[in-house]
Amino acid sequence: MDFKRIEQIFLLAFLGLNMFLFSIYHDGLASESSVGNLNQTEGIEKRLENDNIKYGDSLSTKIYEGYYLSGEETNLQQAVEQERKDSGNKNFLKENTTYKAGVLTNFPKENYFLKEEEMREGVNTFLTSNALLYGKEYSYLGHFSSLDGEYPEVVATQSFEEIPFNDETARLTLTLEPADNLWKITKYTQTHIGHIERLREKQELYTERDAIRTLYVNNRIPADSEIKWTQLAYARIYKVREKNVYVPVWFVAIASNGNNSQIEHVNAINNTIITNNTVQRVDD
């Protein structure tokens, strides 16, 4: 075996990865060239008040830390087959389960019920049961769950060092229907990422307050509106061959015009707005 050649290949791969990450950083800086001066004399809280923009008790200045992460989308059909072999349970998810475009859909045979006032506890109990694969890797994400409308849904996601993912590649969605004073789980859909790796050292992230300021000076928060909630979570920005690249993102829900709501996205590493960005593919 030519170890010298292998060493050269790894060196080239390392250099290529660093160039790629630099391009992410550079593109992020360029994506919102319209960001205004954030160091204006008047504080953001006063400016929100002047525009009758409501928010919670305060804008948090807590500093979180996060990473550029990579992960591979799990082939759940193969993973279920492997679990059957490893556990000896040949009937695990054998019935009422389908696979399409990387998504597992299951209609549970047993009845599972949730109490609305104890939703987090009930969801986490279901996740730790033997009814699904990788269940213990997910946790309830209340901001992205809704019991309103024709199809109530509860969302649980994977996480990394206590920061959840909010991305279609790492999500478990429970579809519910009312049953007396409870909610019955009628089906769930699941995606999963594995082989999660840090691509760079841990970095301090922009705060919730920073993200709100950036949205405000870019006219993304209209007057007479309300900031309903914020959530820090990992989201996918690149797909590089079989790997996805994720960054921490501030998700900010804003209600205006008769409760019409929008969710803005701010990259928490470089404080740029990425709400309408699509996932870029890098195949070479």
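**Notebook: pocket, cores and single residues**

I began with the lining of the largest pocket, whose residues divide into 10 nonpolar, 10 polar and 6 charged; here Ala, Val, Leu, Ile, Met, Phe, Trp, Tyr, Cys and Pro count as nonpolar, Asp, Glu, Lys and Arg as charged, and the others, Gly among them, as polar. I kept in mind that this is a predicted model, in which local features need pLDDT of at least 70 and side-chain atom pairs count only at pLDDT 80 or more, whereas totals for chains, interfaces and linings use all residues. Residues are numbered from 1 along each chain as its sequence is written, and side-chain values use heavy atoms, with hydrogens and water left out.

The 26 lining residues of this pocket include Phe 92, Leu 93, Asn 130, Ala 131 and Leu 132, which lie nearest its centre. I noted about 610 Å³ of space in the largest pocket. On a 1 Å grid over the protein atoms alone, a pocket is an open set of points where a 1.4 Å probe fits, with protein on both sides within 12 Å along at least five of seven lines, and lining residues have an atom within 4 Å of a point. Grid points are joined across faces, edges and corners, and the volume is the space filled by probe spheres set on the points.

Of its 284 residues, 43% count as buried, meaning under 20% relative accessible area with a 1.4 Å probe and protein chains only.

Next I looked up the largest nonpolar core, which has 42 residues, with Leu 48, Leu 69, Phe 165, Ile 212, Tyr 216, Ile 221 and Tyr 234 making the most contacts inside it; such a core is a set of buried Ala, Val, Leu, Ile, Met, Phe, Trp, Tyr and Cys residues joined through side-chain atoms within 4.5 Å. Helix 2 (44-50), helix 5 (208-217), strand 14 (226-240) and strand 15 (243-256) each supply at least two residues of this core, and strand 15 gives the largest share, 9 residues. Domain 1 (42-68 + 199-282) and domain 2 (73-193) both contribute residues, so this core lies between them; the domain bounds come from an automatic or database domain assignment. I also recorded a second, separate core of 25 residues, which includes Leu 93, Leu 114, Val 123 and Ala 131.

I then checked helix 5, where 10 of the 10 residues are buried, so the helix is largely enclosed by the rest of the structure. Its cover includes helix 2, strand 14, strand 15, strand 16 (260-267) and strand 17 (272-273). Just after helix 5, Asn 219 takes a positive phi of about 60°.

Lastly I looked up two single residues. Thr 74, in the loop between strand 2 (69-73) and helix 3 (76-87), counts as buried at 17% relative accessibility. Not counting residues up to four places away in sequence, Thr 74 touches Ala 79, Tyr 134, His 192, Ile 193 and Gly 194, a contact being heavy atoms within 4.5 Å. The C-alpha atoms of Thr 74 and His 192 are separated by 5.5 Å, although these residues are 118 residues apart along the chain. Leu 104, in strand 4 (residues 103-106), counts as buried at 0% relative accessibility, and its C-alpha atom is 5.5 Å from that of Thr 189, 85 residues apart in sequence.

Notes:
Buried means under 20% relative accessible area, exposed over 50%, partly exposed in between (1.4 Å probe, protein chains only). Helices (H or I, at least four residues) and strands (E, at least two) are DSSP runs, numbered from the N terminus.
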